[in-house]
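Dear colleague,

I am passing on the structure below, and I would be glad if you kept it open beside this message while you read. My notes on what was found in it follow after it.

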Amino acid sequence: MFSFLNLFARSAHSQRQALGFQLNDGGREAAGFKGGAGDCVVRAIAIAAQLPYLQVYEDLRSANALYAEQRNDKLARRLNAKGASPRNGNHRNVFHDYILGHGFDWVPTMKVGAGCQVHLLASELPSGRLIVKVSKHLTAVIDGVIEDTHNPSRGGSRCVYGYYIKR
């Protein structure tokens, strides 16, 4: 009941193992891109799938353009208005099949109304090459280390919606 008064009691939080962090732009700068962009999807795929940034960028640009050309929905209208560039962000309707096509499987970790079950923590994610979906962001996690341009873990409190894991 008053375990917070017991200095020898192990809290649930102390059992949570944080992920490491490695600064990695996925080859964006080397590909000649400068400045900031909403390209976390391109970076995460390039890092986790070990593909050149420019290849992933161009593949997603083509996929965005194709989606906008073939569909007549809100996303297609947004892509037509803003352009098909992955720099403007990417939607799951476009990148999901692309990631699966590169040898990844989707593992959902959240159900409607169930609350957050998995956090961006090493103790709650499997090892391997992962592309992790958190709110409004994708990040690469490789064997317990976040590889991104910033650490999105929020001290281990960031909820994971699901992840793609390399087969």
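**Helices and aromatic rings**

Helix 3 packs, through its buried residues, against helix 2 and helix 4. Please keep in mind throughout that this is a predicted model.

The buried residues of helix 3 are Leu-75, Ala-76 and Leu-79. Just after helix 3 comes Gly-83, which takes a positive phi of about 100 degrees.

Helix 2 can be read in a similar manner. It has 18 residues, and the distance from its first C-alpha to its last is 26 Å, close to the 26 Å expected at 1.5 Å a residue. Its buried residues are Tyr-53, Val-56, Tyr-57, Leu-60, Asn-64, Tyr-67 and Ala-68. Because these cover an arc of only 100 degrees around the axis, they are on the same side of helix 2. The exposed residues Glu-69 and Gln-70 are carried by the face of helix 2 that is turned away from the buried side. The partners against which the buried residues of helix 2 pack are helix 1, helix 3 and helix 4.

Now to the aromatic rings. A pair of such rings is described by the distance of the centres and the angle of the planes. How many aromatic pairs does a search of the whole structure find? The search finds 4. In one of them, the ring centres of Phe-33 and Tyr-57 are 4.8 Å apart and the planes stand at 50 degrees, so the pair is tilted. Since Phe-33 lies in the loop between strand 1 and helix 1, while Tyr-57 lies in helix 2, the pair ties together parts that are 24 residues apart in sequence. Both Phe-33 and Tyr-57 are buried, and together with Tyr-53 they form one aromatic cluster.

Trp-106 and Tyr-164 make a further pair, with ring centres 4.7 Å apart and planes at 50 degrees, so this pair is tilted. It links distant parts of the chain, with Trp-106 in strand 2 and Tyr-164 in strand 6, 58 residues apart. Tyr-164 counts as buried, at 1% relative accessibility, whereas Trp-106 is partly exposed, with a relative accessible area of 25%. Arg-92 lies over the face of Trp-106, at 5.0 Å from the ring centre.

Definitions and conventions:
Residues numbered from 1 in each chain as written. Predicted model: local features only at pLDDT ≥ 70, side-chain atom pairs only at ≥ 80, totals over all residues. Heavy atoms only, no water. Phe/Tyr/Trp six-rings, centres within 6.5 Å; stacked < 30°, edge-to-face > 60°. Helix = DSSP H or I, 4+ residues; strand = E, 2+ residues; numbered from the N terminus. Buried < 20%, exposed > 50% of the residue type's maximum accessible area, 1.4 Å probe, protein only. Lys NZ or Arg CZ within 6 Å of the ring centre and 35° of its normal. Expected span 1.5 Å × (residues − 1). Arc of directions from axis to C-beta. Contact = heavy atoms within 4.5 Å.
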